[in-house]
Amino acid sequence: MPDFQEKYLPSPDQFEKFFKLSLDIMCIASTDGRLKRVNPAFEEMFGYTLEELLERPFIEFSYPDDLAPTLKELEKLNQGQTVIDFINRYRCKDGAYKSIEWRATPTDKKNIFYAIGRDITERKKLDDALKLSEMRYRHLFGSGTDTVFLVDAQTGMFIDANPAASRLYGYSRDEFLGMKKEDVSAEPKKTHEAVSTGVKVVPLRWHRKKDGTVFPVEISGSYFDFFGKKIHVATIRDISERKQSQEALKRSEERFEAMFRSSPIASSLTNLFDGKFENVNAEFLKMFGYSQDTVIGSSPLALKMWVYPEHRKQMIRFLRSQGKIKNLETKFRTKDGQFKDVVVVAEIIELRGQQYILGLSQDVTELKKAEKALRASEQKFSSLFSASNEGVCLHEIVADKRGKPIDYRILDVNPAFEKITGIQKSKAVGKLASVLYGTNKPPYLEAYAKVAKTRKAVSFETYFSPMDKHFMISVFSPDRGRFATVFLDITSRKKVEEALLESEARFQAIATNTPDHFFIQDKGLRYVWVANPQLGLTAKDMVGHTDYDILAPEDALKLTKIKKGVLKSGRSVHLFSSLLSHKGGVEYFDGTYVPRFDKNRTVTGLIGYFKNVTEKVNADEKLKNKQAELKAIYDYSPVMMCVLDREHRIQYVNRAMIKFSAKANDQWPNEKIGGFWNCINALGHPRGCGLGPKCKICPLRQAILETGETGVACSGVEYEGTLLRGKKKRHVTLRASVVSIETKGEGLLLLALEDITDHKRAEKALRDAALMSKRFSRKILAVREEEKKKLSMNIHDEIGAMAVALNAGLSVVESDLQKKNLKNARQDILQTRNILKKEVALFRKIVEDLRPPNLGIVGLDGILREYFLQTGNDNNLEIFFKVRKWSGKLNDKVATAVYRLSQEALTNIIKHSKARKVFVSLRFVRNQLEYSIRDNGQGFNLKSPLKNAKALKLGIQGMKERIEALGGTFVIESVPQKGTTIKVALPLSGEDTENKD
């Protein structure tokens, strides 16, 4: 040992220089937290003096969150363990914290250890910044609403896709990684050209989703270099809604154009700023006599159409302030110089980003003439008003604050009014009706108020008790809120009619006590008596009027023609007719017209008797329609249906049943159900059912029998049977429902069938898949446990052994230093460093075996070349590696599986085969990867027991299951003394069959 110290350890002076000149901080400390000695770099880094550092425990300088880990490492040193790459934070004198990476080893002296630290504050900041940048990138990449693809610009393969891409296209991220950019395009040629030429913005391209849906997208792209690869970043936005909006706008403009051109009102479209015609319709050209070519591009002023140009200026000012104008009355000049009175409605609209005036012009020239004629007519009316023998009175409605009519005031009366009523004009005009006639309530206020409001004329007869007279009154409204009455004194006529009606009291009593419609008409076909009026009419509406007064013109014409025939022939006529009702709709009547005679057998009118049969007619029509609807539903239903009689013979089948049975329409009548679809149990009797040995337990037959006997429906019945189609037998499963139906007293059964054969097969396949999945999961767990065991053995056997050697080397160095043999210590440090390098390399190899770090960067071929070169050199093994028809990018699962297979296969070759050469082939054929690895070792008999058979079998089984889990095939061939070959074929998609199931 003295020789070693003299050879390797430096002298105290040399050690002191090394201690002071080191850029790393060094210290000698005790495990109780006290510094014994520090080098100048230590003082300089933290800013404390030596005295300040030695007077306080160094753990007081530790960051609070790092205190517990620091104490844990001190406990390791106290137990004689070495500390490597421990990181904590220490406070400087200025209050800042520095991150220090420590390496420490205990000494022979109790509780004393040496420590070397390195300031990694900046490196840690860079690491944290890198993590933050990566986190932000992932957050932006993962949370964006637009689809983002990373594409290899050279191969066109997807490198990455964000979640929005999966939501939009329906593919998973793993599916994208096995696809090219053209795979999602509905225009692959255009997509390839755009990427090849470096186009950065594509405003419209059509893409295709996984389900085949084609939709429009907008693409923004950019390019960057990544380790020598040109990467295309494509941001894709679904513009379906925008496209739909544009098309909707286009359709809207087309509809506007169609309505504009076909409008029966003269329409024009002029530019708001220059006043020129942009468009006019045919009615406009017809009204003003111009041609299309003359108008378009010109203006109304240029054509001198405005008779009063100042009206146009007023219209433009009003449009600019209000946006629209209604009912502007003006005059226009036509092409031939005629003047037309026109009412203009105009509005400012926006089309294609410009403002236009949409003008609608209505020719009111004839209306003006009519108004002039009306004024002349009013003058004539005034003359007639004075000379008429009928009483005429003009009134206005008096209403309360809420607008409810409470009375009416007399405005004017004619001379006949005074004669009939005995009331002088001077006493009537200006008076309220309730005051004039001495009644508490104005006479007939509700009827008069309704006419004044609706302006719909009415006529009625009434008895006015204050004057003890009967009147025939006609009411019309010349203006809203006003009404006029024209009346006659019919007291004498009413007395005669009352006497006549009294003689017919018995007939009327019978008529009024039935729900049927009775009436009497005179020879002029005026109604003189009505019982149970129909069509929404009252007796008052009908008495004294003809059919032309109360019915639709076409109905009045039809009935009057028949009634005149009765009056002329004197014979009764039976009639079924439909009439338009005042309540809306059509009503139906069935009855008779009977001539009415006087004592001289002269026809004086007719009597009508009719029943209202509308409800029956409508019910019959609804029933007929319902039957038609049910037949359509029945015939075209996708569910098989048929109607059976009580003997189970088929009476009717729908289209679905005929298709299922493969029989023509003329083959099913009176067929029994089993024979209809050729159930093999019914073939003993072609027209029978229930004759086979299995028919007694047939659930379908039992359901039909049960429903036929009890009338209770059966549903959800499953029938399994074998049908004969030609010479082939087909096993089916049907779900049946049987319902009892009654039609015209005949008991029938409705049988509905649904073919669930495929559904049952799918359920069985699903159960089988679930069982296989459980078995596969157990195998996977066994393989994973074996891999963990293998990893544990590697770490224990190899890294553990090197760690022992490293510790021994450091002990030798420590001993040399204690003996101040710097020369020997230097040599031992070099040897120890070599051991450490080997340990780091071994550790890196184990990590890379677990997951090659650069598989996604250099690709499968590159990482395999590196692995085969390293493994061959380490084990004196020649490995020949060929790659053919290589396309580059692979699905991550496929690449990892091939890499793992290579590791397992080479491990078996090195341990068991005694081979010196290995031949590896990798190529692409028809959308799949083919991989083989062959050695020239001793081989083995696959059926014979081997040494270490359990480990070898588990390794082979693990490789096989890993490949089959991705939908691939695994084949191993071995002949004793001739070597072993493994052949693998994998689909490029690398679809996980376990997850898929």
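Select glutamate 461 and show its surroundings: leaving out residues up to four places away in sequence, glutamate 461 touches Phe471, Met472, Ile490, Arg493 and Lys494, where contact means heavy atoms within 4.5 Å. This is a predicted model, in which local features need pLDDT of at least 70 and side-chain atom pairs count only at pLDDT 80 or more, while totals for chains, interfaces and linings use all residues. Residues are numbered from 1 along each chain as its sequence is written, and side-chain values use heavy atoms, without hydrogens and water.

Is glutamate 461 buried or exposed? Glutamate 461 has a relative accessible area of 16% and is buried (under 20% relative accessible area; exposed is over 50%, partly exposed in between, with a 1.4 Å probe and protein chains only). Colour strand β18, residues 458-464, to see the strand that holds glutamate 461. Strands (E, at least two residues) and helices (H or I, at least four) are DSSP runs, numbered from the N terminus.

Next, select the open sheet of five strands, ordered β12-β11-β15-β14-β13 with antiparallel pairing; two strands pair if DSSP finds at least two bridges between them. Its edge strands, β12 (277-280) and β13 (324-333), each pair on one side only.

Zoom in on β13 and β14 (residues 339-351), which pair in the antiparallel sense over eight bridges. Pick lysine 324: its bridge partner in β14 is glutamate 347.

Finally, show the whole protein chain: it has 33 helices and 35 strands, and 39% of its 997 residues count as buried.
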